[in-house]
Amino acid sequence: MVSTVGDLKLDDEHSTIGLEDTLQEGAKRLMSIQNGILVVLDNDNHVKGVLGTKQFLKAFADGKSSADEQCRNHMEMDYLLVHVSEKLDSVLEKIKARQPQAVVAVDDDDMFVGYFSPGDYQEAQNLVSNLKHLRL
C-alpha cells in the first residue's frame, strides 16, 4: 500500500545540476529529459533551487551567455521540500495551500531524493482518494 512520499517513483522527470554549472550545461541536461526540471544541488546534495524552461528562456531573452552564466543566478526559489517519510495526504494539503513552483523530496538529512512531479501529484491524489474509499 502506497501512503508516503517515499513510496512514489521520484527518480524520473528531472535531472540535477550544480550551483557552479553553466546555463549551457543546464540546457543540455534539461533537453535530455521529457517534461521535467533541473534540481540545483550544492556539493552536499542539498536542494538550493530548481530550473525549468521558463528560467532558461528568461535568461536567454535577457541576453545572458549560456557558456558563461551560472545556473545559480537563474534558479527558481519557490520550491517545497517534503520528506520521503511524510504521508501523502499531508503533502497534498501542503501543496494545495502553498502552490509552489516545484516540490522536491528529501531524506531525514535533507539530502535530495527526487522530484515530486505533476504526475506524482496526480498519482498521490488518486491513491489518497482510493484509500479513503477503502477506509484505510
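Q: Among contacts in the protein chain between residues at least 6 apart in sequence, what percentage join residues at least 24 apart?
A: This is a predicted model, in which local features need pLDDT of at least 70, side-chain atom pairs count only at pLDDT 80 or more, and totals for chains, interfaces and linings use all residues. Residues are numbered from 1 along each chain as its sequence is written, and side-chain values use heavy atoms, with hydrogens and water left out. A contact means heavy atoms within 4.5 Å. Among contacts between residues at least 6 apart in sequence, the share that joins residues at least 24 apart is 57%.

Q: Which pattern does the protein chain follow along the sequence?
A: Helices (H or I, at least four residues) and strands (E, at least two) are DSSP runs, numbered from the N terminus. The protein chain has 4 helices and 6 strands. Read along the sequence, their pattern is β-α-β-β-α-β-α-β-β-α.

Q: What is the radius of gyration of the protein chain?
A: The radius is taken over C-alpha atoms, and the globule rule is 2.2 Å times the number of residues to the power 0.38. For 136 residues the rule gives 14 Å, and the chain's value is close to that, so the chain is as compact as a globular protein of that length. The radius of gyration is 16 Å.

Q: What percentage of the 136 residues count as buried?
A: Buried means under 20% relative accessible area, exposed means over 50%, and partly exposed lies in between (1.4 Å probe, protein chains only). Of the 136 residues of the protein chain, the buried share is 40%.

Q: Which residues of helix 2 are exposed on the face turned away from its buried side?
A: Helix 2 spans residues 53-61, and its buried residues are Gln55, Phe56 and Ala59. They cover an arc of only 100° around the axis (taken from the directions from the helix axis to the C-beta atoms), which puts them on the same side of helix 2. The face turned away from that side carries the exposed Lys54, Leu57, Lys58 and Ala61.

Q: Which residues of helix 3 are exposed on the side other than its buried one?
A: In helix 3 (residues 88-98), the buried residues are Leu88, Val91, Leu92 and Ile95. Seen down the axis, they fall within an arc of 100°, so they line one face of the helix. On the other side, the exposed residues are Glu93 and Ala97.

Q: Which residue with a positive phi follows helix 3?
A: Just after helix 2, Gly63 has a positive phi of about 85°. Helix 3 is followed by a residue whose phi is positive, near 50°, and this is Gln99.

Q: Is His14 buried or exposed?
A: His14 lies in strand 1 (residues 14-18). Leaving aside neighbours within four places in sequence, His14 is in contact with Ile33, Ile37, Val39, Phe112, Gly114 and Tyr115. At 14% relative accessibility, His14 counts as buried.

Q: What distance separates the C-alpha atoms of Val104 and Phe116?
A: Val104 belongs to strand 5 (residues 102-106) and is buried, with a relative accessible area of 0%. Beyond its neighbours within four places in sequence, Val104 has contacts that include Val39, Tyr79, Leu81 and Phe116. Val104 and Phe116 are 12 residues apart along the chain, and their C-alpha atoms are separated by 5.4 Å.
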